[in-house]
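This report describes a few places in one protein chain. Keep the sequence and the structure in view while reading.

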Amino acid sequence: MITKTPDTETTALILAGDGYQLTIAPEAEERKQMLLAAASGITRVRTNDESGDAHFQSRRLARLAIEVEKSRKLVKEPVNRIGKLIDQAAKEFIAEIEAEQTRINGLIGAHASEVARLKAIAEAEERRAFEFARAAREAAEESGRISDVVAYKQAIADKLAASDEVASTKVADGVRFAWDFDIENITDVYRAEPMFVFMEIKRAPVLMWLKEMAAADEDVVGRAALLGIFAFKKPVVSSR
């Protein structure tokens with residue numbers, strides 16, 4: 001038996017570091033408001049001229065968004081680098097702890113599985129003892145012979161012993177058995193229960209296929225429909 005000593009809490013941090021201050025340039029905020037004010041004047045597009053004006057404002061907004069994205073990546077890069085260093089330090093520190101926890105949990109799990117196996121054997125023995133005791137009682141009641149009565153009493157004793165064995169075979173505290181599974185054939189699973197399988201169309205290959213058919217002057221809509229795909233053209237607004 002190992003002497004158990006309680007863990008003591010401490011306010012000291014295992015990992016320590018400083019924060020990171022972020023500011024947005026006043027000029028950028030002013031430019032943002034100016035662009036939003038100009039864009040708010042676009043309320044309808046009914047002619048090509050109005051479409052041209054709307055496109056001009058859309059490009060201005062897109063340019064600012066692109067500049068912000070570039071700035072975001074530039075500012076975030078050193079933070080990401082520090083974040084990776086922090087993650088790596090924590091991972092290396094905890095690696096031995098997790099490995100030892102996994103090893104101990106494996107021992108606990110193996111013991112629990114063995115206890116469950118023994119309990120199943122004891123329960124089966126208890127059921128057999130119960131059936132034998134019931135048959136012995138019926139025989140003793142029917143014949144009245146001393147030998148049958150003695151056999152019945154012995155069967156009762158065996159039944160009680162088997163019940164005691166079941167009661168004494170318990171899984172340790174802190175351990176429970178939860179259902180889990182492995183997939184043997186995902187195709188069979190999908191055919192039987194489609195809701196159990198996550199499916200997602202690969203858009204890039206499909207779009208490439210549609211473009212190739214269009215370039216070859218084929219019936220894009222008709223060919224796609226044969227596969228259960230509704231192909232159509234949609235307007236794409238350029239931000240350049």
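Patches are made of residues with over 30% relative accessible area and no salt bridge, where like charges are joined within 9 Å and nonpolar side chains (Val, Leu, Ile, Met, Phe, Trp, Tyr) within 5 Å. A salt bridge is a side-chain nitrogen of Lys or Arg within 4 Å of a carboxyl oxygen of Asp or Glu. Accessible areas come from the Shrake-Rupley method with a 1.4 Å probe, and for residues only the protein chains shown count as cover.

The model is predicted, so local features need pLDDT of at least 70 and side-chain atom pairs count only at pLDDT 80 or more, while totals for chains, interfaces and linings use all residues. Residues are numbered from 1 along each chain as its sequence is written, and side-chain values use heavy atoms, with hydrogens and water left out.

A nonpolar patch on the surface is formed by Leu22, Leu74 and Val75, which together have about 320 Å² of accessible area. Leu22 lies in the segment before α1 (26-39). Helices (H or I, at least four residues) and strands (E, at least two) are DSSP runs, numbered from the N terminus.

Buried means under 20% relative accessible area, exposed over 50%, and partly exposed in between (1.4 Å probe, protein chains only).

| Residue | Relative accessibility | Class |
|---|---|---|
| Leu22 | 64% | exposed |
| Arg223 | 35% | partly exposed |
| Gln57 | 13% | buried |

Gln57 belongs to helix α2 (residues 48-143). Contact means heavy atoms within 4.5 Å. Apart from neighbours within four places in sequence, Gln57 is in contact with Ala38, Ala39 and Ile42.

Helix α5 (residues 203-215) has 13 residues and reaches 18 Å from its first C-alpha to its last, close to the 18 Å expected at 1.5 Å a residue. The expected span is 1.5 Å times one less than the number of residues. Val206, Leu210 and Met213 are buried in α5. Seen down the axis of α5, its buried residues fall within an arc of 65°, so they line one face of the helix. The arc is that of the directions from the helix axis to the C-beta atoms. An α-helix has 3.6 residues a turn, so residues three or four places apart point the same way. On the face of α5 turned away from the buried side are the exposed residues Ala204, Lys211 and Ala215. Just after α5, Asp217 has a positive phi of about 60°.

The buried residues of α5 pack against α6. Arg223 is in helix α6 (residues 220-225). Not counting residues up to four places away in sequence, Arg223 touches Trp209, Met213 and Glu218. Arg223 and Leu210 are 13 residues apart in sequence, and 9.1 Å apart in space from C-alpha to C-alpha.
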